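Reader: I've got the model open and a few geometry questions ready. Can we go through them one at a time?

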Amino acid sequence: MRVLGIESSCDETGVAVYDDELGLMSHELFTQIKVHAEYGGVVPELASRDHIRMCLELIEKALKSASSTKDDIDAVCYTAGPGLVGALMVGATVARSLAYAWNVPAVPVNHMEGHLLAPMLEEEKPEFPYLALLVSGGHTMIIDVAAPGSYKIIGQSVDDAAGEAFDKTAKLLGIAYPGGPLLSKIAQQGEKDKYKFPRPMSDSPNYDFSFSGLKTFASNTIAEHKNELDEQTKADIARAFEEAVVDTLKIKVKKALKKLKYKNLVIAGGVSANLTLRKNMQELMTSIGGKVFYPRISFCTDNGAMIAYAGMFRFKRGERADLGVDVLPRWPLDTLN
Ligand SMILES: Nc1ncnc2c1ncn2[C@@H]1O[C@H](COP(=O)(O)OP(=O)(O)OP(=O)(O)O)[C@@H](O)[C@H]1O
Ligand SMILES: [Mg+2]
């Protein structure tokens, strides 16, 4: 069986073809970074318009590079939420219409499940059960994944998501949108322990996070140096901030692994591209005789491949969208089954 996957929840248009025997056959991505850069963040209306502009072209390309035609496609899967309502509507309308025209089912996919299952596209796949750390632009969650489709959120951010904290702190440092990856690059030049940022909520008995205070801490540190904020000082602050985020994530993950007695860890979502995070999680898992799994860097942020994969899983379970075009801008992961 072969499915087409369409992602349009935010500022990336992604399309992929996935076959349950042959694996990922093609994937195409168009990122709108340039569209939104001058505004310093995603402008929802511009995002929707750009998805309209790119969607069909990417579908044609993806089919062609998978040497497939519409006749090879058994279902059209699309991100139905969570995300920006207008952006989601574009992908949902295109997917629903194609499915109708091709006389195949349309399958709604939860974007966060897409991120969570992205490591399954790699050669080395995690075995169930596992603990998942989902760290993206909009979410920070620790999830107990007992089996495919069984997601129990055991901890999450009470305010900013990890990626959001990266982006906001980057902005304070004068780094262009989206700042996360660039902040991380600059941090490599930073001097270790030049500044000491707090590890928020690390003493609390739960698995929740709070990252908005780190952004304030960064803001105050920057203000203290406003007359001498040279490149080295920026790098030192970036490094201290990154280490605080990573360390906080590590403390909570370690605690959750101990409680659940799991030896497999999956990290997914945009921030899982962060090399300091990967290194730290690798060290943690080695120290407890466990293993860490993550998607390839290009599948950490939004993409069509993860939607096609999660879509195949839901398609095989018999899940179908009806003829209406519905999206769910809020669609909590733990309401899936
Ligand atoms: N190397 C990196 N280091 C730190 N943060 C990063 C890195 N690469 C990407 N990010 C962050 O990841 C986020 C984007 O990830 P993703 O595309 O998964 O999020 P999103 O789709 O906007 O949010 P969600 O999936 O929660 O709806 C941004 O906040 C970005 O700064
Ligand atoms: Mg995402």
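Predicted model: local features only at pLDDT ≥ 70, side-chain atom pairs only at ≥ 80, totals over all residues.

Reader: Which hand does the crossing of H5 and H7 have?

Author: Helices here are DSSP runs (H or I, at least four residues; strands are E, at least two), numbered from the N terminus. The axes, lines fitted to C-alpha atoms over the stretch in contact, with angles from 0 to 180 degrees between N-to-C directions, come within 9 Å for H5 (residues 162-172) and H7 (residues 212-224) and cross at roughly 10°. That makes the two helices roughly parallel (under 35 degrees; over 145 is roughly antiparallel, 65 to 115 roughly perpendicular, the rest oblique). The crossing of H5 and H7 is right-handed.

Reader: Where is the residue Met201, with its positive phi, and is Met201 buried or partly exposed?

Author: Most residues other than glycine have a negative phi. Met201 is not a glycine, yet its phi is about 60°, and it sits in the loop between H6 and H7. Buried means under 20% relative accessible area, exposed over 50%, and partly exposed in between (1.4 Å probe, protein chains only). At 28%, Met201 is therefore partly exposed.

Reader: Which peptide bond involving Pro82 is cis?

Author: Most peptide bonds are trans. Pro82 lies in the loop between strand S4 (75-81) and helix H3 (85-102). With omega near -10°, the cis bond runs from Gly81 to Pro82.

Reader: How many residues apart in sequence are the parts tied together by His111 and Asp302?

Author: Donors are N, O and S atoms within 2.8 Å of the metal (3.2 Å for Na, K and Ca), and water is not among the atoms, so sites may look incomplete. His111 (NE2), His115 (NE2) and Asp302 (OD) coordinate the magnesium ion (ligand 2) at 2.0 to 2.2 Å. Both His111 and Asp302 are buried. His111 is in helix H4 (residues 111-117) and Asp302 in the loop between strand S10 (291-293) and helix H10 (304-316), so the parts they tie together are 191 residues apart.

Technical notes
Residues numbered from 1 in each chain as written. Chains lettered and ligands numbered in written order. Heavy atoms only, no water. Left-handed = near helix turned anticlockwise from the far one by under 90°.
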